[in-house]
Amino acid sequence: MSATGKKKSISLEQRRQRTAYLYIAPAGILLIVFCLIPLLASFYISTQKMGVDLSKAKFVGLDNYTKIFTDRRFLQSVTITLKYTLVEIPLQMVIGVVLSALLAKNTPWNKLFRSIYFLPVIASAVTVGVTWQLVLHSNIGIFTYWLKLLGFSDVNLLNNTGTALYVVVFVAIWKTFGISTIILVSAIQNIPESLYEASAIDGAGKINQFFYVTLPGIMPSFWFLLMTRIIGSLQMFDIVYTLTRGGPSRTTTTLVVYIYDTAFNSLDKMGYATAMSEVLFVFIMIITVIMYAIMNKTSDD
Amino acid sequence: MKKQICMALALSMVMTTGSAALVANAAEEKTTVVFWNSWTGGDGDTLEALVNKFNEESEDVYVDMTRTTSFSDMLQTSLPTGEAADLILLSTNEINRYGSYLRDMGDIWENTSLKEEDFSPAYMSMCYNDDTLYGIPFQISTYMMYYNKDLFEQAGVEKVPTTFDEWTAAAEAVSALSTDDNPIYGSGLFYCYNGQNQSVIQRFGTGYLIEGDEENGFKANLLENQAFADSMIWMKNLYDKGYNPQEQDIDSMMAAGQIGVMTNGGWLKGSLDASGVNYGVAMLPTVTGEDQKEYALADMASFMLTTSATDEEAAAAQKFIEWWMTGSGLAACETTNDVDYSNVTPNAEWSISMCYLNAYLPTSNSEEYQAVQILADLTPSETAQVQMFTAPGNLAYSDAASCQTDFVQDWLFNGPTDPTYDDVQEFFVNYQADLEDYISEYY
C-alpha cells in the first residue's frame, strides 16, 4: 500500500469515527445533562448548609458526611431499610418464581390471571397506600372487621410498632409481584421446548424439570429482577409515605423517607439530606457492581 | 330545514365566540392574582365562595385560587424559579424558611385603607422578621377541646373538664360505655400530630421546648422540668389504661360518636356539624383550671406575597386583602338568632363560621364576633402564651416540631408503663440532646 493510500485510509477511519461519535452524541448529551451534571451538582449541594429553596448556602466541606455516621436516626433508618429489603426480596422472588411457573402456559385462564396480577402494578402508589390504609383501618377497615368476625380483638396493624413494617412489606409485594411474575413468565416461555422433551425422555418429572431446566433457564432474568428489586427496596419511599408516613414511632421510616423528611421539613438541611442520598447512591452502586459480577459469573457457568 | 339548521349553528357559533370573547375581555381587563393555599377541607368551600364573591364584585382584580393538599411541595419547587403564586396563605412559623422569597408588605398601609393599629399587636408581631412585614393575619387556629355531649350524659359526666385530672376522670367514665360491637374511648389524643399534642403539653406549664434569649442563652427544656414530666405521664397513662385509642384518625372516630373528649382546631367543626354528632366546644384544660386564658396555643396563618408577584400583581393582591378585611361577606352564617349577621365582613364571617380567632380588631371587637360565646371564651389574656414548640423567633420551629413528634410517639409506644418522673428523665436524654443540637445550629 502506498503512503498516500495509508493516509487516505486513516482519514477514512477518522471520518467513520467522527460519524460514530455523531450517532452517540445525543445519548451522550442526555447522559451529561441528566446524569453527570446532577451528580456533580448534588455533590456540590452536599458540601453546603442550605435550605430546600437552595438559598443562604454556606460551604461546610465534608461536615455533612461526618455527621451522618453519628446520626442515630440515619442509622435507625438504614437498619429499617435493610430489614425491609431482607424480608421483601426473598418473598417477592419466591412468589414471582412460583406463580410464573404456574402461569407459563398460554391458556386463557393463565392469561386472565396474569392480567389480574398486573393490575396493582399500574395503580399509583398513592392510590394503593390510601386504599390499604382504609382496608386495614383499626376502626372501619374491612380486613379488621373480618378478623373481628373470626374472633380477633384489638386488631390495629398500621398503628402497631411490631406489625407496621410487615404491613408495608405486604403492600409493596402486593403492588409489584405482578411485574416480577410477567418478567419470569417471559423468561420461561423462551426456554426451548426441546430441553423439556429431552429431560422427560431422561425420566425427569415436573419438579425435577422445574429445578434442572426451568430455574437454570430463567437465571439471567432472575438476576436482573433480583438486582432491580434490591435497588427498588433500598429506595423505598412512595408506599411508606402514603401508608404510614414513616410511623408509628419511626418504625417504617426507611432511608429515603428520612432523607425526604430531612430535606423538606427542616430549615437548612438540604445539604445534609443530599449527603445522605450520596451515601445511599454509593451503597447501591457497590451492591449493583457485586450483583453484576455474580450475574456474569452465573451466566458464564 | 337544512338551511335553518345551518343558520342556527352559525348563530350559536357567533354567540359562543362572542360570549367567550366577552369573558376573555373581562379577564384581560382585570389584573389576575394567582392565589394558592392548602384549605382543602370543609372550610375551604367557604373560602372559595368568598373569593368568587370578590371576583364578582371587583372591577379590576381577578383572584385565581388553587386549593391543594400539595401546597407545600408546590411552593418549595416553584419559589426558587419565580413561578409560585402571587398570594399565598402560610403559617407565620414558616417566615424564616421562605423569607427570601416573600415580599415586604409594609406598603400595604399606604396602598390600602388598612391601618396597622387595627391589628392585635401580639399577633402582628409574629408577621415581622427583622422589621420587615411579611404577612397580614388571616386566621388564628387555636386548639380547643371538643367533647361529645351525649357520651358525657350517658357516662354521668356532668362537668366539662377544666383540669387534666378531670379529663382523665371523664375519659375513664366514657370508656366504660365501650362494647365489643361499638368501641368507645373517653379520650382522643392523636399520637402523631404535633400541634394537637403540643396544645395540651404546653398547657401543663412546660413552656417552649427551647427556652431562653440571646442575652441569657438558650437551653433545651425537656429534662428537670416537672410540668413536662407530668404531661408525658398523663398522656402515657391515658393510652396504657385503654382510655385513648392508638389511632391516627381520631377526627373520624369523633364524628362517629366514639370519642368522649379530644383536642383539635376549628377545622374539625365543619365535619362534626355534617356528621350530626352532638358535640360541645370549650377551652382546653390546664393543671389548675384557673389559668385557661393564659394559653392561646395556635397556628396563625397569614396572607403573604411572594417574590414571584410583579408590583402590579402585588398591588392587586393587597386590594383583595383589603376587601377581605372590610368588604361584605356571604351573609350565610347564622350562629345565633339574636345577632344580625347579614352585613359582616368576609374576615368576620370566616372567623364566626369556623371558630377561628381574629387579629383584626374591628372584627374581634364587633358585636357579631363578641356574640359568639366560644370565640369570646377562646380569646386569650393579653399576656397569654401564643407560640408553640420553640423559643421566640421560631428559628428551630420545624426541627423542634419534628423532634416533638418523635419523642411523643417513642414515649407512648416504647416508654415504661406506670411511669415516674425519673423514668421521664431517663427516657428523654437523647431528645434533650437533639434540642441542644438545634440550639447550637440555629442560635
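I begin with a helix pair in this predicted model. In chain B, Asp399(B), Ala400(B), Cys403(B) and Phe407(B) of H18(B) meet Tyr431(B), Asp434(B), Leu435(B) and Tyr438(B) of H20(B). By class, the residues of this contact divide into six nonpolar and two charged, with no polar residue.

Next, the geometry. Two packed helices are described by the angle between their axes and by the distance between those axes. Here the axes of H18(B) and H20(B), the latter covering residues 429–442, come within 10 Å and cross at roughly 175°. Angles over 145 degrees count as roughly antiparallel, and H18(B) is therefore roughly antiparallel to H20(B).

H18(B) also takes part in the contact between the chains. In that contact, 23 residues of chain B touch 19 residues of chain A. At least two residues on the chain B side come from each of helix H4 (95–98) and helix H18 (397–414). H18(B) gives the most, with eight residues. The chain B side comprises eight nonpolar, nine polar and six charged residues.

Let me now turn to chain B as a whole. Chain B contains 20 helices and 13 strands. Its radius of gyration is 25 Å, close to the 22 Å that the globule rule gives for 443 residues, so chain B is as compact as a globular protein of that length. The C-alpha trace spans about 90 × 55 × 45 Å along its principal axes. Of the 443 residues in chain B, 48% are buried. Finally, among contacts in chain B with a separation of 6 or more, 71% join residues 24 or more positions apart.

Methods. Residues numbered from 1 in each chain as written. Chains lettered and ligands numbered in written order. Predicted model: local features only at pLDDT ≥ 70, side-chain atom pairs only at ≥ 80, totals over all residues. Helix = DSSP H or I, 4+ residues; strand = E, 2+ residues; numbered from the N terminus. Rg over C-alpha atoms; globule rule 2.2 N^0.38 Å. Buried ≥ 20, exposed ≤ 12 C-beta atoms within 10 Å, placed from the backbone. Contact = placed C-beta atoms within 7 Å. Nonpolar A, V, L, I, M, F, W, Y, C, P; charged D, E, K, R; others polar. Axes fitted to C-alpha atoms, helices over the stretch in contact; angles between N-to-C directions. Parallel < 35°, antiparallel > 145°, perpendicular 65-115°, else oblique.
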